[in-house]
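The sequence and structure are shown first.

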Amino acid sequence: KDVVSGDLFVCIKGVTKDRKEFILDAVKNGASAIVTDEDINLDIPVIVVNNINDELVRLSQKFYDFDNTFFKIIATTGTNGKTTVASIIKDMIGNNCSYIGTNGIRYKDKHENIVNTTPSPDRLYKYFKLFKDNDCNIISMEASSEAYLRNRLDNLKYDIGIVTNITVDHLNAHKTIDNYIDCKKELVRNVKDNGYSILNTDDLYFNDFLTIAKGNILTYGKKESTLQIIEFKENIDNTLITLKYNDKLFNINSPLKGEYNIYNLCCAILCLLSLNYNFDDIIARIKSINIPEGRFEVLNFNQDYNIILDYAHNTDAFSKIFHYINKVKKNKVITVTGSAGGRDKEKRPLMGRIALDNSDLVIFTMDDPRGENVNDIINDLVSCSNKTNYIRIIDRKDAIKYALSIAKKDDFVLILGKGRDNYMAIKNKYVPYNDYDVIKDYFTK
């Protein structure tokens with residue numbers, strides 16, 4: 001669809017499609033040559049290679065004149081926290097740092113939405129060139145496990161590699177937890193010898209990563225670490241934290257809420273320390289952090305109750321959000337949530353139980369159902385709880401509006417699962433949709 005006259009069409013094998021199916025369409029649109037893994041008789045040149053996906057990485061690096069010496073590349077992986085960590089690193093460094101991840105690409109004062117957390121190589125290196133042309137010599141990017149599975153990040157070396165945490169997720173693609181972890185390990189395997197691997201000492205799989213990590217090892221967590229969490233106090237507006245670094249204590253007032261965001265902030269602090277920022281300067285820069293959109297985003301439309309919009313879509317993220325809410329709540333908790341269709345069904349019962357155990361009312365609804373029946377997904381979500389404090393409202397817009405309509409003073413309305421996604425995946429279509437727009441529409445009409 002994107003091919004125009006003079007383009008080279010590379011027939012990569014995607015998750016569901018082999019691009020060889022579209023060769024004739026590409027030729028019709030003006031492709032000047034084809035890269036494929038089998039000889040085909042065409043009127044334009046056909047270049048045959050052994051592994052198309054590998055070749056696409058090399059082609060993209062050549063085509064966009066990628067210069068790894070120009071950039072310092074900071075890559076963050078983990079089950080949860082990637083977007084927050086990568087975003088706040090960009091905020092703290094400032095204008096010469098760009099961002100690639102779930103929330104799109106950001107550089108200077110510009111922002112664009114993208115399709116994948118970690119884009120395909122042809123798009124990834126196009127963005128790298130865009131950053132270079134705009135004098136952004138630092139890249140803070142999210143590195144998803146599926147990107148490693150699909151070879152999108154082959155041949156890329158990192159100055160700083162960050163691992164947030166590992167819990168079970170995305171097994172629809174990886175099949176086993178071992179496969180999932182092995183893809184995550186690719187990040188620290190590809191840290192430069194003079195670079196830094198930043199690891200979470202409190203994570204269950206810390207030692208698995210420690211044994212294979214390249215570069216200088218920096219650690220964070222409550223256990224003895226390079227940057228140790230000594231104590232903290234969670235408030236509804238901020239988090240007060242005491243950290244220990246080089247035997248000195250530092251007090252920090254963080255705008256990020258929840259214990260899990262203390263860990264995310266520690267990643268960013270160690271990252272900046274690796275880039276030779278001093279600790280006092282880093283503390284001053286924490287004030288410049290913007291809460292990433294859709295990540296524990298507190299929405300204010302002058303209502304007398306709390307609205308939290310969050311991307312949480314697995315058991316670990318659910319546990320952490322409700323742990324925080326239980327500490328600060330003054331009244332009832334109303335939760336709007338669902339679970340994605342065509343994805344890990346195994347996580348649904350526990351997700352549902354966590355929501356039911358920690359909410360006064362759960363409104364189960366659609367969340368990218370794809371080819372599944374939404375009621376069947378909800379049946380999975382409620383299958384391991386005897387609680388009845390829930391209702392079903394299949395249409396997500398209606399579910400959100402109902403939650404807002406019944407909320408009273410000091411209640412928490414949690415809208416979980418989609419964050420700021422700008423689509424709803426229904427069957428084989430991506431229908432334009434955004435939770436934030438629904439909420440804004442409720443208050444502005």
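## Terms and basis

For residue classes, Ala, Val, Leu, Ile, Met, Phe, Trp, Tyr, Cys and Pro are counted as nonpolar, Asp, Glu, Lys and Arg as charged, and the others, Gly among them, as polar. The model is predicted, with local features requiring pLDDT of at least 70 and side-chain atom pairs counted only at pLDDT 80 or more, whereas totals for chains, interfaces and linings use all residues. Residues are numbered from 1 along each chain as its sequence is written, and side-chain values use heavy atoms, with hydrogens and water left out.

## Cavities

Searching the whole structure gives 2 cavities of 30 Å³ or more. A cavity is a set of points, on a 1 Å grid over the protein atoms alone, where a 1.4 Å probe fits but cannot get out; lining residues have an atom within 4 Å of a point. Grid points are joined across faces, edges and corners, and a volume is the space filled by probe spheres set on the points.

The volume of the largest cavity is about 50 Å³. Its lining consists of Val-163, Thr-164, Ile-166, Leu-199, Asn-200, Asp-203, Tyr-205, Phe-206 and Phe-209, or by class 6 nonpolar, 2 polar and 1 charged residues. Strand E10 and helix H8 (206–210) are the elements that give two or more residues to this lining. Helices (H or I, at least four residues) and strands (E, at least two) are DSSP runs, numbered from the N terminus.

For the second largest cavity the volume is also about 50 Å³. Thr-84, Leu-256, Lys-257, Asn-261, Ile-291, Pro-292, Arg-295 and Phe-296 form its lining, which divides into 4 nonpolar, 2 polar and 2 charged residues.

A pocket is an open set of grid points with protein on both sides within 12 Å along at least five of seven lines.

The structure has 28 salt bridges (a side-chain nitrogen of Lys or Arg within 4 Å of a carboxyl oxygen of Asp or Glu).

## The 11-strand sheet

An open sheet of 11 strands has the order E7-E6-E5-E8-E4-E9-E10-E11-E12-E13-E14, with mixed pairing. Two strands pair if DSSP finds at least two bridges between them. Strand E7 (110–112) and strand E14 (248–254) are the edge strands, each pairing on one side only. On average, neighbouring strands are turned by 15° against each other, direction ignored. Axes are lines fitted to C-alpha atoms, for helices over the stretch in contact, and angles run from 0 to 180 degrees between N-to-C directions.

Strands E5 (residues 97–101) and E6 (residues 104–107) run antiparallel and are joined by 3 bridges; Tyr-99 has Arg-106 in E6 as its bridge partner. Helix H3 (residues 82–93) packs on the sheet, touching strand E4 (72–77), E5, E6, strand E8 (138–142) and strand E9 (158–163), and its direction makes about 165° with that of E8. Contact means heavy atoms within 4.5 Å.

Gly-81 lies in the loop between E4 and H3. Apart from neighbours within four places in sequence, Gly-81 contacts Thr-164 and Asn-264. Thr-164 also belongs to the lining of the largest cavity.

E1 is joined to strand E2 (residues 33–36) by 3 bridges, and the bridge partner of Phe-9 in E2 is Ile-34.

Strands E21 (residues 423–426) and E22 (residues 429–432) run antiparallel, joined by 4 bridges, with Ile-426 opposite Lys-429. The two strands form a hairpin with 2 residues between them, and Lys-427 in the turn has a positive phi of about 55°.
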